[in-house]
Structure formats: structure tokens, C-alpha cells
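Have a look at the fold below before reading on.

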Amino acid sequence: MTEKAVSAVDEEPVSRRWWARVALAAVIAAILLPIAVSGLRALLALLLVCLIGTVVIVAALYWFLVSRGVIRALAAVVAVLPIPVLVVYLIREGALWVVIVSAALVVVAIACARRALRPARAQSLMPEHPASPVVHPFLVMNPRSGGGKVGRFDLQRRAEQLGAEVVLLSGPEHLDVTDLAVDAVRRGADLLGVAGGDGTQALVAAVAAEYQVPFLVISAGTRNHFALDLGLDRKNPARCLDALHDGVELHVDLGWINGSPFVNNASFGVYAEVVQSPQYRDDKTRTVLRMLPDLLGSGSGIGLRARVGDDTVIDPQAILVSNGPYATNDVAGLGRRTRIDSGLLGVVTVSVADTRQAVGLLRRGHGHGLVQRTATEVVVEADAEEIPVGIDGESVLLPTPVRCTIAPGALRVRVPRERPEIRIASPQLDWVRLWELLRPRPARSGVRS
């Protein structure tokens, strides 16, 4: 190895060491500043006041979520009241600037510590495979998705310049996207893609999986959950087109529910009722958080039963079946999946007695009444011939029993080589490891030119 190569290898550890130094220096400054300005006794009194105020705010917010009417209004007032009281107290004690500066130093310390502990290069947790050149890509674009992202980012013109055939779902007549995709493959298309919502992506993905052609995801929907888990740029969907000339393949799973495909999840009971809400399409996260506690407290009323492998969950109020498991604290399926190539369905069932327990589940992500597991098949039965089901954010009625399965590695997704949201493990704040980074490594010997 040459001296130049050794220098390049050592550059990253040196950078990490400086970030670790800044992090530890910021922590020490954040601790010493209040002591130097106010003294230890005054600092303890200040911490006690802040702790009491924080407890009052947290308790009031809890009652605000679980209550209605006058109690909720009083809880809102109590939640806000400690803030100006704390500010006035800090001003009287001459400590407001100290708290602000110390808090800023803590933020700096955490940011620098994460930077020091972060892997040198973001690498996908899902294996990347070489991608063959494409000659005749076929793309379906919905100009209405995501508030008009197709037009705003000039996706049609950009794709056609790269040699793609583009069909817009903009005319007054209804176009069956499945038929469009099948026809395109029969005419020689060697890649299928979608610029639209997750529901449209699932339909075309099923055709791509059946005919074993690559599938391209363009993040032109509203939430773009599938694009997020693939690491794609959700702010600029035009960057997804880079996969046509500089791409790799990810072999991911495809979910199936009563013969229909899904790329994200299928929801039953309370979850399905949330999806039916008119506000859900515009703001999914806020709608779920607003409706879920009350709906869980009242129950679904359709007598659901979920057979997960060899186990059966009786009368859950909500069931979420996902193409790959979500994080263990994500009971509403609002976040991202670690990977979508495990060959397993993620299953969440929720059974709670009242709204208070429901709020507790949302806050903690675990507790009594919550079951999270993985399986290759889930069968949902009910005391009704048909039940509402939310499939990738679209509400449909399905006959019971409803059978969910997974097709491992069925989908060859073509993605750009460089992706801004590649899933990497978030570095833990390991201060022992951070301290070890401060110690310089012994000089290397035996360097050859």
C-alpha cells in the first residue's frame, strides 16, 4: 500500500476523532456553565423547578389526549401555563440565557457525537444487484398524485428524453393500469414504472413481478412510503429517473391479499376506518393520531379474528399486516420498515379496553393488548361477509375470510445507485466508544511505496 493510500484510509478516523472532541467538549461546557454562573445549590433548585414544570406539562398533555369537553380545555390550559411561569422564574434568577446556551451545547454535543459514530458510508441494508441496460422502459404517470408533482417536476418530458414511453392517467376515460402494463410488456417493454401513489405502484408492480421485468418507482405520490423504504429521493422525484441510466436492482418482497397486490400494508378494523376518513388522504399522520385513540376505545364491532401462523388472536380492534415488519414502536404503520426483503409479513394486532390504554399504546409503542410478530401467512375472519380493508391507503370491501401472503423477492426494483434516504442503522450515543475515538491510533509501520 502506498503512502497516499494509507493517508486516505487514516483521514476518516482523524475526522471522527475531531468530531468526538467537539462532542465531549460541548458536554463538559454544558455541565460547567450553569455551575460557574449560578453555583451548585442554585443549579439544583433550578433543576427541581424545571423537573416539576415538565411533569405538569406531560401529565396535562396526557389528559388532553384522553379527555373531552371541559376537562380537555382545562388540560390544555394547564399544559401551557408552566411555560411562561418557567420563563419568568429563569429571568428573575438571571438564568434564562444559561439554560438556552446549555441546551444549545447539548444539541451540538449530540449532533457531533452521532457524526463521530456514523458509518463512513451509507450502505443499503438490502443487497444491491447489477442492473442490465433497458431499451424500452414504459412508465405510467398520474398528474394528480402528490398535488401535481408530475407536472411540477416535468417528469414526462425528462422520462421521454431518456427513451421512456409515458402514459398519463389524465383523460376523462378510465384507464386500467394493469391492462396498460400487460400490453406494454407484450409490445416489448423491458421495464415498468409508476409515478403515482402506492396503490397504483402495487398494481403495476404485480405485472412486473409476473413477467419478471424490472420495476421503477418514481416518488410522485403524497407520502411515498414505498419510495422511502427504497431510499429514494422524495423531495425531488426527478432523481428517481437516474435509475434508467445509472441504476442497481433491489430484490424485494410483494404482499398479496385475496389476489390483490400491496407494497406497504393492509389494515383491518379501526385502521381501516381511519383510512376511510375523508381527511386521511390529505394528512395521513395527523388523521391517524387524532382518530385512533377514540376508535380503539370504542372497538371495531365486527368481531375480527386473526390467524397468524399457528396462533389466533380473538376480537382485536385493529390489525395491520405489512410487507415486512415496521419498527417495534410503530403501532400505526406511520414510519419506515428496516427492510422489505425478509420474506416475512409484519403483523400488529391491538386489543384495548378504553381510550386511555389506546393513548398509552401510541405513546409507548408496547404494552398490554398489543401483539407484534412476523409470519408468512395471515388469515383475517369476521362476523360479516364483507369487511372494509385499507390496502396501501385505499379503502375497499373484501369478502371474508381475507388471506394475506408474501411473495419473497418477487419484485426486481430498479433504483438509482446514489440514493439520499438509504436506510442505515442510526448510531447509538455510546459515550464509551466516543471516548475511545479520542485516543490516537499507533503509527503504522512497514509502509511501502
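**Ground rules**

This is a predicted model, in which local features need pLDDT of at least 70 and side-chain atom pairs count only at pLDDT 80 or more, while totals for chains, interfaces and linings use all residues. Residues are numbered from 1 along each chain as its sequence is written, and side-chain values use heavy atoms, with hydrogens and water left out.

**The big picture**

The protein has 14 helices and 17 strands. Both are DSSP runs numbered from the N terminus: helices are H or I with at least four residues, strands are E with at least two. Of its 449 residues, 44% are buried. Buried here means under 20% relative accessible area, exposed means over 50%, and partly exposed is in between (1.4 Å probe, protein chains only). Take the contacts (heavy atoms within 4.5 Å) with a separation of 6 or more: 74% of them are between residues 24 or more positions apart.

**Two nonpolar cores**

A nonpolar core is a set of buried Ala, Val, Leu, Ile, Met, Phe, Trp, Tyr and Cys residues joined through side-chain atoms within 4.5 Å. The largest one holds 55 residues, and Leu-139, Leu-192, Phe-215, Phe-226 and Leu-230 touch the most other members. Helix 9 (residues 198–211) is the top contributor to this core, giving seven residues. Another core, of 23 residues, lies apart from it; Ala-306, Leu-345, Val-347 and Cys-404 are among its members.

What does Phe-226 touch, leaving out residues up to four places away in sequence? Its partners include Asp-198, Gln-201, Phe-215, Val-217, Val-252, Val-263, Arg-337, Ile-340, Leu-411 and Val-413.

**Strand 17 and its partners**

Two strands pair if DSSP finds at least two bridges between them. Strand 17 (residues 402–416) pairs in the parallel sense with strand 5 (residues 215–218). Its pairings with strand 6 (residues 247–257) and strand 14 (residues 377–381) are antiparallel. Here are the numbers, with one bridge from each pairing:

Six strands make an open, antiparallel sheet in the order 13-12-11-8-15-16.

Val-348 stands opposite Gln-372 of strand 13. Is Gln-372 buried, partly exposed or exposed? With a relative accessible area of 33%, Gln-372 is partly exposed. From C-alpha to C-alpha, Gln-372 is 8.8 Å from Pro-325, though the two are 47 residues apart in sequence.

**Helices 8 and 9**

The axes of helix 8 (residues 177–186) and helix 9 come within 9 Å and cross at roughly 30°. That makes the two helices roughly parallel, a label for angles under 35 degrees. Axes are lines fitted to C-alpha atoms, for helices over the stretch in contact, and angles run from 0 to 180 degrees between N-to-C directions. Helix 8 contributes Val-177, Thr-178, Ala-181, Val-182, Val-185 and Arg-186 to the contact, and helix 9 contributes Thr-200, Leu-203, Val-204, Val-207 and Tyr-211.

Thr-400 and Pro-401 are joined by a cis peptide bond, with omega about -5°. Pro-401 sits in the loop between strand 16 (394–399) and strand 17.

Asp-154 is not a glycine, yet its phi is positive, near 55°. Asp-154 lies in the loop between helix 6 (149–152) and helix 7 (155–161), and at 29% relative accessibility it counts as partly exposed. Asn-258, also not a glycine, has a positive phi of about 50°. Asn-258 is in the loop between strand 6 and strand 7 (260–262) and is partly exposed at 34% relative accessibility.

Notes. Angles under 35 degrees count as roughly parallel, over 145 as roughly antiparallel, 65 to 115 as roughly perpendicular and the rest as oblique.
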